[in-house]
Structure formats: C-alpha cells, structure tokens
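Here are my notes on the model. Please read them with the structure open.

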Amino acid sequence: MRIERVVLRRVNLPLVSPFRTSLGIEYDKPAVLVQVITKDSEGWGESVSGFDASYSSEYIESTLDVLQRHLLPPLLAAEQVTASTVAGLMGGVKGHRMAKAAVEMAVMDAELRSYGMSFATSMGAVTDRVASGVSVGIMDSVPELLDAVTGYLEQGYQRIKLKIEPGWDLAPVRAVRERFGDDLVLQVDANAAYTLGDARHLARLDAFDLLLIEQPLDEEDVRGHAELARQLVTPICLDESIVSARSAADAIALGACRIVNIKPGRVGGYLEARRIHDVCAANGIPVWCGGMLETGLGRAGNAALAALPNFTLPGDVSASDRYFATDITEPFVLRDGCLDVPSGPGLGVSPLPDVLAEVTTAVLEPAA
Ligand code: OSB
Ligand code: MG
C-alpha cells in the first residue's frame, strides 16, 4: 500500500493515581500517536516513550523529532509500504525502537484493516482472553500499599507486581505475602535500581516465594544478571536489557534470565516482539507481556500479542480504569481476571474522536 499522509499527535492522559517506580514518579501518561492514512484504510500506532529518558534513552520529544526528521520521509516517498517491509525502510536509523514500533504498529493496523484481519490472527494468537496482572507502584507506606493491593485483588487481577527500590523491598514484599498468603502470585520489578554488590540483600527476597524478580541490575549488565542468577533462588526476568530477538538469545545463552518480559514498544514493534516470543519458546523460556501504561491503542496490540502460546504468565496488561478515568478507545475491562483480545480488523479499536481531541496537545503533519 502507498501511504498518503501521516499525522502525529502528542497526547497527555492524566493517571488515576500517581505511578512511582525506582525511576521517578508519573502523574500523567504522555504518548505520540501515529496515524497512517492510505487511499482506502487508516491505522494507528502509539509510542511508549516517556516524558524523560529514565527508562530508556528515548523520550517523547526525541520520538517526535526522529519521526519527522528521519523515519517518516522515506516512508512517505516509498511506493509500497507494508508491515513486513516498514522495518527495512527505517533500517538506516540506529536505535529509536520506540519510535519505529509506533510506525510499524500504525502500518500494520492500516494493512490489516484493509484485509479485515485482526492483530491477534495475524500474529498467531491461540486464545481470545488473556490473564491480567497489575503493576503496583512504590507507595509512601506499607498500609497504603496493602490497601491498593486489596483493591486490585478484589477486582480480580491474577497476579501482583510490586515496584521495588533500595529501602522499599523486603518490608513491602513481606507485608504483602503475609497479608494475602502463599497462593498470591507475586513478583517484583526493580527497574535496574540495584548492583551486583546487593546480591546478598536481594537473596533475602528468596524467602517470599516470588514468581520472579524483574530487571534488578543495569540494562547493559547482562553478565551481572547471570552472576546474580547463580546467587538467587528466585528466577530473574529481564525487561530493559531485552531490546531485540538477538539480545534475548544472548541473555538466555549467558544464563542471565529464566523469564522474559516482552514490550513491543521497547523492541521496535510487534513483529520483533513475536520473534522474541519464538526465540524464548525454542529455549523453554516463558514470557509475559509488559506494559508502559499504554492507551487503549497499545493495550489492544498488547492483548493480541499476549494471546500467543508462549505467553504463559499473566502480563502487565491491566484494564483501562487501572490507568485512566477515560481511555482514548472504548475501555478494556477486567472480566474474571482477564481481558478480551480484540477480534475486529487491525487493532480492533480506534480513538474516540471527542476524547482524542480533549487529550491532544499538538498535531503535526510532516510534508510528503
Ligand atoms: O518496568 O515494567 C516496567 C511502566 C513504565 C515504565 C516501566 C515499567 C512500567 C510498568 C507499568 O511496570 C506496567 C503497566 O503498563 O501496567
Ligand atoms: Mg519492568
């Protein structure tokens, strides 16, 4: 298909409650939305880059800049662009995976809509509902955390992930395990807040029967994770360190992780996400779908991805109301601890024009 126009929107959605991690605190969720328009179809993509470069080197303004300056011009000039060729057309640009992921997502959505095929079907989904977990931020006190977890469990979330950092690790984990019992599926995420020197401290988490510890060390410290893995009983799961199928294969070969968190935005898109899923499956490594507080657009794609067969653990694919009072699509709701995988053409959801107008802070259209 030929792309006639691309419209970029910067949006900002207030979060229902502040989200604090070892990286900082977020009150709003920003995103760049990419709308690809062809003669007979249109598609939507969402970039997961944040306000700052604390999670990865990308951030919202870098995404807008690289899209306009480097990624979109060759696409607008190309006669033919498809989901499977768009990565190649952007291949002259190093890195910027979050920006590339948003473009690929929009192209894939437009293409699949023109065929009437869903993301789930095109990627090889084997289920129409996915188990939903929730990522719980760092709180001011343990009682406040216990209240938040109680609320999520009452709604039916199937597993709890606690954000941790030095000074907020053993005590909150112990309190949640004691309050909710041994059956609670519980895991933690450090967002790279520790060093290998903390190994003995982190080993104390072994007492709490965690499903996994996510990204304890620096994203580039893959060998450190392998060393840490030898000192912990709790399985290590990597998030930030896994940026491609190749990095996943390397981390697995080094023994740096027994589980992988796959975020399409972080790895350059849904097609690379599927390749990581396949590499992990071939190595007996279970995966789950991470999240970046996506709007309903990214959530739709993530739910479809999480329906692939090796996504055997509940993901950070929570209902819309865990994040926003009003999502920009029809809201995703929790039903028996699961989200339905959209089955309509493409993402199966579209932005609601009124909400979109309300959250949009800038509209940019790079010239063809
Ligand atoms: O590390 O998984 C992470 C949100 C922003 C940046 C990094 C992370 C997260 C989450 C949120 O944990 C997961 C979600 O979207 O619910
Ligand atoms: Mg993480």
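1. A definition comes first. Contact means heavy atoms within 4.5 Å. Helices (H or I, at least four residues) and strands (E, at least two) are DSSP runs, numbered from the N terminus. This is a predicted model: local features need pLDDT of at least 70, side-chain atom pairs count only at pLDDT 80 or more, and totals for chains, interfaces and linings use all residues. Residues are numbered from 1 along each chain as its sequence is written, chains are lettered from A and ligands numbered from 1 in the order in which they are written, and side-chain values use heavy atoms, with hydrogens and water left out.

2. Take helix H9 (residues 245–254) and helix H11 (residues 270–282). On the H9 side, Ala245, Ala248, Ala249 and Ile252 meet Glu272, Arg275, Ile276, Val279 and Cys280 of H11. By class, this contact has seven nonpolar, no polar and two charged residues. Here Ala, Val, Leu, Ile, Met, Phe, Trp, Tyr, Cys and Pro count as nonpolar, Asp, Glu, Lys and Arg as charged, and the others, Gly among them, as polar.

3. The geometry of that pair follows. The axes of H9 and H11 come within 8 Å and cross at roughly 25°. That makes H9 roughly parallel to H11. Axes are lines fitted to C-alpha atoms, for helices over the stretch in contact, and angles run from 0 to 180 degrees between N-to-C directions. Angles under 35 degrees count as roughly parallel, over 145 as roughly antiparallel, 65 to 115 as roughly perpendicular and the rest as oblique.

4. Compare helix H1 (residues 60–77) with helix H3 (residues 97–115). They pack at about 50°, with axes 10 Å apart. H1 is therefore oblique to H3. H1 contributes Thr63, Val66, Leu67, Leu71, Leu72 and Leu75 to the contact, and H3 contributes Ala99, Lys100 and Val103. These divide into seven nonpolar, one polar and one charged.

5. Now the sheet. Four strands form an open, antiparallel sheet in the order S3-S2-S1-S13. Strands pair if DSSP finds at least two bridges between them. S3 (42–47) and S13 (360–364) are the edge strands; each has a single partner, so one side of each lacks a neighbour in the sheet. Neighbouring strands are turned by 20° against each other on average, direction ignored.

6. How many bridges join S1 to S2? There are 14, between S1 (residues 3–21) and S2 (residues 24–38). Val11 stands opposite Ala31 in S2. Helix H1 packs on this sheet, touching S1, S2, S3 and S13, and its direction makes about 160° with that of S1.

7. S2 and S3 pair over six bridges. They form a hairpin with three residues between them. Val32 faces Ser47 of S3 in the pairing. Five of the six residues of S3 are buried (under 20% relative accessible area; over 50% is exposed, in between is partly exposed; 1.4 Å probe, protein chains only), so S3 is largely enclosed by the rest of the structure.

8. Two last items. In helix H6 (residues 170–180), the buried residues include Leu170, Val173 and Val176. The buried residues of H6 pack against helix H5 (142–155), strand S6 (160–163), strand S7 (186–189) and helix H7 (199–203). By contrast, Arg223 is exposed, at 68% relative accessible area. Arg223 lies in helix H8 (residues 222–231).
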